[in-house]
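Please keep the sequence and the coordinates open while reading.

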Amino acid sequence: MRIVFAGTPAPAVPSLHALAASAHEVVAVVTRTDAPRGRKRVLTPSPVAGAAEDLGIPVIKADRLDAAATAAIAEAAPDIGVIVAYGGLVREPLLSLPPHGWINLHFSLLPRWRGAAPVQHALIAGDRTTGATVFQLVPALDAGDVFAELRYDVPRGATAGEVLNALADRGADLVAGVVGAIAAGEAHPVPQEGEVTLAPKLTLADGALDLSASADVVLDRYRGTTPEPGAHLVVAGQRLKVLDAFRGPDLELAPGAFALSGRDVVVGAGDGTLVLKTVQPAGKGAMAAADWWRGLRGDAPLVELSEGAR
């Protein structure tokens, strides 16, 4: 079959590689336009654009799948569209343009966590099992019939970035298998079953760690917002990004209070403590939490808690 592939970030690249290596032909890749990256804000192609160029596949760069993008895709005459984390909606008439429509690789066990940030919300909620789903794209958000899914037990301490990378690798074979089944006339999608939960895009505020909650709940949010949008505490009026943390020892520490335990920097939560291993103060690079602690002057700092926690 002739495939048009739509994707943008690095987690979409394994699926593109799997499809390019299959018996089918990827005739075009759709990705978002070059974006400024790094401290110097240099315009940089998306990871999918770079992978497509390496593979010699024509690239269509578009931030929206509008009439111009639809016309460009139509010229490629695809039999099916495959979308993995493109970052935009597929609407009519593009949705019905390929004879087999569009299929989507989504990084959750649908209908749980429909939306833009399924892995992040799964970890924040404390899910210990998640997965990936290939489904038929329909106008409603992530609501189409399911072709295939895989389950994934979240490793202890894994962050959203690590889980997403694992699902991207495993999901690549899943989506390639579904394309093969559709081509052979052997695909049998089934309706989604279960409770629908939503996973909207996260903001910087979602990375705030509420130390009035239990240590386990705080760590779930840290894991779910790492690396993006970034877990953080507010210390002395400044945002302190938390890059590496884990469950701490049993110490009598008030929520938001710091202490040294051996060589570790420990902070109190509503129930239990957290060890901070690596942090990033505002305007500085990443550093060991112990080095940050030694650089402080005066009294030991306190994390600023929300109004309801004071």
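The model is predicted; local features are given where pLDDT is at least 70, side-chain atom pairs count only at pLDDT 80 or more, and totals for chains, interfaces and linings use all residues. Numbering starts from 1 along each chain as its sequence is written, and side-chain values use heavy atoms, with hydrogens and water left out.

**The largest pocket**

The largest pocket holds about 1600 Å³ of space. P9, A85, G87, A116 and A117 are the closest to its centre among the 48 residues that line it. A pocket here is an open set of points on a 1 Å grid over the protein atoms alone, where a 1.4 Å probe fits and protein lies on both sides within 12 Å along at least five of seven lines; a lining residue has an atom within 4 Å of a point. The volume is the space filled by probe spheres set on the points, which are joined across faces, edges and corners.

Two or more lining residues come from each of β3 (35-37), β6 (80-84), β7 (102-106), α4 (118-124) and α5 (160-183). The largest contribution is that of α5, with 4 residues. Helices (H or I, at least four residues) and strands (E, at least two) are DSSP runs, numbered from the N terminus. By class, the lining has 28 nonpolar, 11 polar and 9 charged residues. Ala, Val, Leu, Ile, Met, Phe, Trp, Tyr, Cys and Pro count as nonpolar, Asp, Glu, Lys and Arg as charged, and the others, Gly among them, as polar.

A85, one of the residues closest to the pocket centre, sits in the loop between β6 and β7. With a relative accessibility of 34%, A85 is partly exposed; the classes are buried (under 20% relative accessible area), exposed (over 50%) and partly exposed in between, with a 1.4 Å probe and protein chains only. Leaving out residues up to four places away in sequence, A85 touches G7, T8 and P9, where contact means heavy atoms within 4.5 Å.

In α3 (residues 67-76), the buried residues are A69, T70, I73 and A76. Seen down the axis of α3, they fall within an arc of 110 degrees and so line one face of the helix; the arc is that of the directions from the helix axis to the C-beta atoms. A67, A68 and E75 are exposed on the other side of α3. The buried residues of α3 pack against β1 (2-7), β2 (25-31) and β5 (59-61). T70 has a relative accessible area of 12%, and its contacts, not counting residues up to four places away in sequence, are L65, L94 and L97.

In α2 (residues 47-55), V48, A49, A51 and A52 are buried. They cover an arc of only 165 degrees around the axis, which puts them on the same side of α2. The cover over these buried residues includes β1, α1 (13-20), β2 and β5.

**Paired strands**

Strand β11 (residues 238-247) pairs in the antiparallel sense with β10 (residues 232-235) over 4 bridges, and also with β14 (residues 273-281), over 7 bridges. Two strands pair if DSSP finds at least two bridges between them. H232 is opposite K241 in β11, and L240 is opposite P281 in β14. The hairpin of β10 and β11 has 2 residues between the strands.

L253 is in the loop between β11 and β12 (258-261).

**Backbone angles**

Most residues other than glycine have a negative phi, and most peptide bonds are trans. The table lists exceptions in this model.

| Item | Angle |
|---|---|
| A85 | positive phi, near 55 degrees |
| D142 | positive phi, about 50 degrees |
| A236 | positive phi, about 55 degrees |
| E92 to P93 | cis, omega near 5 degrees |
| L110 to P111 | cis, omega near 10 degrees |

D142 lies in the loop between β8 (129-136) and β9 (146-153) and is buried at 8% relative accessibility. P93 is in the loop between β6 and β7, and P111 is in the loop between β7 and α4.
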